[in-house]
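Subject: Structure for you to look over

Hello,

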Amino acid sequence: MLLVFRIGLETRGPGSAFVGAFLLAANPFFATYAWFVRMEVRLCFMLVLSLALLHRGRFPLAGLAIATAVMLKEIALAFWLVALLYVLV
């Protein structure tokens with residue numbers, strides 16, 4: 001939740017950051033699985049971390065975060081394509 005708050009704070013300001021963190025905290029999927037050590041929680045963390053690193057322009061570290069997310073679950077390969085589009089645009 002802190003990472004989502006940080007991204008919202010840097011992007012849009014404190015109001016958006018609070019709303020984003022609140023929506024994540026109120027999400028039943030996140031609330032259910034955050035108590036368990038599951039691949040989905042770590043996968044989501046690594047994808048949000050890579051988004052934060054992409055936003056700051058730290059591309060090698062973002063690549064490492066995406067690679068770690070792919071090692072956790074293969075579904076993260078789809079995010080790699082979105083990240084590539086973000087960098088090109």
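L3, V4, R6, I7, E10 and T11 of α1 are in contact with F45, V48, L49, L51, A52, H55 and R56 of α4. Sorted by class, the residues of this contact are 8 nonpolar, 2 polar and 3 charged. Please keep in mind that this is a predicted model.

As for geometry, the α1 and α4 axes come within 10 Å and cross at roughly 25°. The two helices, α1 and α4, are therefore roughly parallel to each other, the cut-off for that term being an angle under 35 degrees. Their crossing, α1 over α4, is left-handed.

Helix α4 also packs with α6, at an angle of about 10° and with the axes 11 Å apart. That angle makes α4 roughly parallel to α6. On the α4 side the residues are L47, S50, L54 and H55, and they meet F79, A83, Y86 and V87 of α6. This contact of α4 with α6 has 6 nonpolar and 2 polar residues, with no charged ones. H55 is listed in the contact of α4 with α1 and also in the contact of α4 with α6.

The next pair is α5 and α6. Helix α5 covers residues 59-72 and helix α6 covers residues 77-88; their axes come within 9 Å and cross at roughly 160°. This makes α5 roughly antiparallel to α6, since angles over 145 degrees count as such. The crossing of α5 and α6 is right-handed. From α5 the contact takes F59, I66 and V70, and from α6 it takes L77, F79, W80, A83 and V87. The residues of the α5 and α6 contact are 8 nonpolar, with no polar and no charged ones.

Now the pocket. Which residues line the largest pocket? The lining consists of M1, L2, L3, V4, L24, N27, F29, F30, V41, C44, F45 and V48. The space in the largest pocket is about 260 Å³. Helices α1 (2-11), α3 (28-33) and α4 (39-56) each supply at least two residues of the lining, and α4 gives the most, with 4 residues. By class, the lining has 11 nonpolar residues, 1 polar residue and no charged residues.

Regards

Note on methods. Residues are numbered from 1 along each chain as its sequence is written. This is a predicted model: local features need pLDDT of at least 70, side-chain atom pairs count only at pLDDT 80 or more; totals for chains, interfaces and linings use all residues. Side-chain values use heavy atoms; hydrogens and water are left out. Axes are lines fitted to C-alpha atoms, for helices over the stretch in contact, and angles run from 0 to 180 degrees between N-to-C directions. Angles under 35 degrees count as roughly parallel, over 145 as roughly antiparallel, 65 to 115 as roughly perpendicular and the rest as oblique. A crossing is left-handed if the near helix is turned anticlockwise from the far one by less than a right angle, and right-handed if clockwise. Contact means heavy atoms within 4.5 Å. Ala, Val, Leu, Ile, Met, Phe, Trp, Tyr, Cys and Pro count as nonpolar, Asp, Glu, Lys and Arg as charged, and the others, Gly among them, as polar. On a 1 Å grid over the protein atoms alone, a cavity is a set of points where a 1.4 Å probe fits but cannot get out, and a pocket is an open set with protein on both sides within 12 Å along at least five of seven lines; lining residues have an atom within 4 Å of a point. Grid points are joined across faces, edges and corners, and a volume is the space filled by probe spheres set on the points.
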